[in-house]
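Have the structure open as you read.

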Amino acid sequence: MAILELLGVSKTYGAGEQSVLALREVSLSVAAGELVAVMGPSGSGKSSLLTIAGTLEDATAGEVRIDGAVIGALRAGERAALRRRTIGFVFQDFNLLAGLTAVENVSMPMELDGRPAKAARVDALAALGELGLADRADRYPDDLSGGERQRVAIARAVAGERRLVLADEPTGALDSVNGESVMRILRNVCHRGAAGVVVTHDAQLAAWADRVVFIRDGRIVDQTAAPADPESLLAPLP
Amino acid sequence: MSVRHALLALLSSGPRYGLQLRNEFDARTGDVWPLNVGQVYTTLQRLERDGFVASDGVDEGAQKGYEITADGRDELLRWLGTPDVVGQPPRDELLIKVLVAAEVPGVDVREVIQVHRRQLMETMQRYTSVKAQAGDGEVALALVVDAELFRMEAAVRWLDSADARLRLHPDALRGPTPAPGRPSRLAAPASRGAR
């Protein structure tokens, strides 16, 4: 079942001669349980794709559906509720609130959505526990390593009933071992039932995805096929 | 990769049978570069011929034992301490394909780049799946897979860079257009039919 569907989506910034066409009739479907990486050079439209998929911006043309809901047909309040409840964001610089502990950072979006504080805390602790951070729950972001902060950010993105995880260069501030750990976690989170889209220019990190989509000049120009059985790598040396 | 020196390295910690060497080699390279038994015995015969290993001569085949000689140990240490030669760059087939693609009529060099980028990414996904399925303790496997992934990542980055350069200078790789009618010596046989 597709959680995210972009159907012929275009995005233009500005008007007249100054206008910039960032996305051109992009169609992309991401199923539950699937992690998709979007790769492309700077200015290719990767970030626009992510912000439109996250309902942070409107498409100029085309249709966006998230978990079955047609975004263009929703009122502002309904859209904000869907964003809080269904979509989780992971950013390069973590975007954690320094004055809140790890568990408070994770539970706060759920509380803002009306979930009772106690229940939100239980969900937040469960999400932190799944990412190996149970013993860091009451630490403040400044007391955590970079890798731990990003894991808290992922816990915040997946806690509760989130179906879609959107990540923009989520490993950019981390070394390669911690970066790999973050991608491994995102892959596992998606394989447990969420749909994920990660924007990255890093081929090694994109390789953790089930599918890699290539974007150029605002268009999706290519994508990888489903990975073959890894056993096929085990050919004898020539 | 030097199978010859890998076998010497395994023998440096004690004598072994051929089959044992094959199994240990596979285990230490995380089964990513499996050797066939014939390859192991051919290499051992050459090492014996060169005086780097000695066999017990008891048996042929799987039960024949081998040990490293003093010359073999010297050769192993020499190999370990010798950096790979850095000088004339290797002829890279990918580089040559991109360089010549721009000269071929009807071929979009940036499409050629994309085909190779996609194939590399698909192979990287397969290697990453191997790593994802491996346990925390499978360090040899992770090292082997990482080595391949870094090599392929370098190729992808080079393709990205080539793509960006060719976008800025789309005609930079095209040679001068030949004058009409030349070269007549090549044009003539075509008119008589292909051989």
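This is a predicted model: local features need pLDDT of at least 70, side-chain atom pairs count only at pLDDT 80 or more; totals for chains, interfaces and linings use all residues.

| Strand pair | Sense | Bridges |
|---|---|---|
| E3(A) (residues 35-39) and E9(A) | parallel | four bridges |
| E9(A) and E10(A) (residues 219-223) | antiparallel | four bridges |

Is E9(A) mostly covered or mostly open? Mostly covered: five of the six residues in this strand, which spans 211-216, are buried. The hairpin that E9(A) makes with E10(A) has two residues between the strands, and A:Asp217 there takes a positive phi near 50°.

Now for the nonpolar packing. The largest core counts 84 residues, and the members touching the most others are A:Ile154, A:Ala155, A:Val165 and A:Leu186. Leaving out residues up to four places away in sequence, A:Ile154 touches A:Val90, A:Leu131, A:Val182, A:Ile185, A:Leu186 and A:Val189. A separate core of 14 residues lies apart from that one, with B:Ala6, B:Val53, B:Ile68 and B:Leu76 among them.

That leaves the contact between chains. Chain A puts 21 residues in contact with 25 of chain B. On the chain A side, the elements giving two or more residues are H6 (176-191), H7 (203-206), E9 and E10. H7(A) gives the most, with three residues. By class, this side of chain A has 16 nonpolar, two polar and three charged residues.

Conventions. Residues are numbered from 1 along each chain as its sequence is written. Chains are lettered from A and ligands numbered from 1 in the order in which they are written. A residue is buried if 20 or more other C-beta atoms lie within 10 Å of its own, exposed if 12 or fewer, and partly exposed in between; C-beta atoms are placed from the backbone. Two strands pair if DSSP finds at least two bridges between them. A nonpolar core is a set of buried Ala, Val, Leu, Ile, Met, Phe, Trp, Tyr and Cys residues joined through C-beta atoms within 7 Å. Two residues are in contact if their C-beta atoms, placed from the backbone, lie within 7 Å. Ala, Val, Leu, Ile, Met, Phe, Trp, Tyr, Cys and Pro count as nonpolar, Asp, Glu, Lys and Arg as charged, and the others, Gly among them, as polar.
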